[in-house]
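Please consider the fold shown here, with attention to how its strands pair and where its nonpolar side chains gather.

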Amino acid sequence: IEMRVLTLDPDLKPTTENATVEVLDAKGLKIFREDVATDDYGMVTLELPISNEPNLGTWKINVTTEKSKNKLDVKVEEYVLPKYEITVDLPKDWYLVNEPIKGKIKAEYSFGKPVAGDLKIEALKYVGQWQKYSTIAKSINGSADFELPAVGYVAGTPAGGGNGNVQLNVSVVERSTGYTENTSSLLTVAQSPTTLKLIPEGPVFKPGLPFNFLFVTQTPDKKPVDAKINAVVTYSDSNFNTIKTDNKTVQTVKGEAILNINPPDNAIALNIDAREIAATSNPASASKTLQASYSPSGNFIHVQQTSDGTPNVGQKISFRVDSTGEARNFYY
């Protein structure tokens with residue numbers, strides 16, 4: 001058993017302290033005790049060899065310092081090699097909500113022979129919580145094909161870029177012994193074969209000055225894909241009336257494109273709705289609403305790098321500066 005003791009003060013900063021480490025086996029017998037001192041980083045590492053015939057079960061590790069104490073329970077058990085392995089073989093890592101999920105389950109012994117038994121697949125979809133939506137039970141002899149119905153609906157998550165998930169819980173019961181092995185697989189489920197992200201150059205825009213949006217188009221497994229995007233930008237004034245609407249078309253190359261807009265001087269908010277121009281029934285879409293920046297003087301400046309790429313040390317960088325009023329000195 002390899003152990004590490006970490007000592008911290010109330011501000012979670014490392015401290016150097018003396019500590020006593022004791023280990024009790026599953027029968028409560030104290031089999032290890034050592035006095036140690038943590039280093040400048042508040043750490044010390046210990047090693048406890050285990051005998052060939054230890055008391056199996058839950059062991060307790062107790063650590064005591066002058067100011068505090070802690071304990072940890074550790075399971076000591078025999079290692080049993082899995083009798084056979086289950087793998088989920090899928091043609092791809094993501095599926096559309098209206099697309100059946102097809103694949104193959106393989107079950108083989110460690111020496112390569114097929115497993116004969118009973119296969120069960122339980123499919124769960126995430127709709128704010130995990131919900132079972134389909135179950136398959138069939139026999140298997142080394143491998144078996146399966147097909148699950150289309151999910152129909154899942155709850156998208158911010159971490160998944162708006163896409164949802166399906167989890168496959170797979171179990172195979174060996175027919176001759178009744179021994180069961182389990183595995184699981186997590187799939188991405190998307191509304192569209194393309195995901196669209198709108199990334200503004202800042203949290204607010206400046207009326208009367210240029211503003212950029214970055215368009216990113218990817219497959220649900222985050223591979224760049226080229227797409228044609230239609231963007232409708234609507235500007236509103238202080239009375240929430242629409243003062244201007246721009247209709248733009250953008251073509252992403254290697255999954256990226258930049259849209260440049262010029263908000264009117266009296267705009268206090270803008271809304272951009274972007275949609276993929278595609279033949280599919282579920283094109284990718286995204287929208288964003290931004291408020292105008294506030295300036296006490298009513299003047300704004302905008303600084304944008306015009307030289308390409310990330311500059312190296314010693315390389316000159318070119319900028320373009322726009323201003324709504326006369327300005328003579330700029331500091332960047």
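The model is predicted: local features need pLDDT of at least 70, side-chain atom pairs count only at pLDDT 80 or more, and totals for chains, interfaces and linings use all residues. Residues are numbered from 1 along each chain as its sequence is written, and side-chain values use heavy atoms, with hydrogens and water left out.

Strands are DSSP runs of E of at least two residues, numbered from the N terminus, and two of them pair if DSSP finds at least two bridges between them. Six bridges link β7 and β9 in the antiparallel sense, and Tyr 84 stands opposite Tyr 109 in β9.

Pairing also involves β10. This strand runs antiparallel to β11, to which 11 bridges join it; Leu 119 has Lys 138 in β11 as its bridge partner. The hairpin of β10 and β11 has three residues between the strands, and Gly 128 there takes a positive phi near 95°. With β13, β10 forms nine bridges, again in the antiparallel sense, and Glu 122 is bridged to Asn 169 in β13.

In soluble globular proteins, nonpolar side chains tend to be buried together. A nonpolar core is here a set of buried Ala, Val, Leu, Ile, Met, Phe, Trp, Tyr and Cys residues joined through side-chain atoms within 4.5 Å, buried meaning under 20% relative accessible area with a 1.4 Å probe, protein chains only. The largest such core has 27 residues, and those with the most contacts inside it include Ile 101, Ile 105, Leu 119 and Phe 146. Strands that each supply at least two residues of this core include β7, β9, β10 and β13. Another core, of 23 residues, lies apart from it, with Tyr 235, Val 250, Ala 257 and Ile 261 among them.

Thr 219 is found in the loop between β17 (211-218) and β18 (228-236). Thr 219 counts as buried because its relative accessibility is 17%. Leaving out residues up to four places away in sequence, Thr 219 touches Pro 193, Thr 195 and Val 225, contact meaning heavy atoms within 4.5 Å.

Key. Helices (H or I, at least four residues) and strands (E, at least two) are DSSP runs, numbered from the N terminus. Buried means under 20% relative accessible area, exposed over 50%, partly exposed in between (1.4 Å probe, protein chains only).
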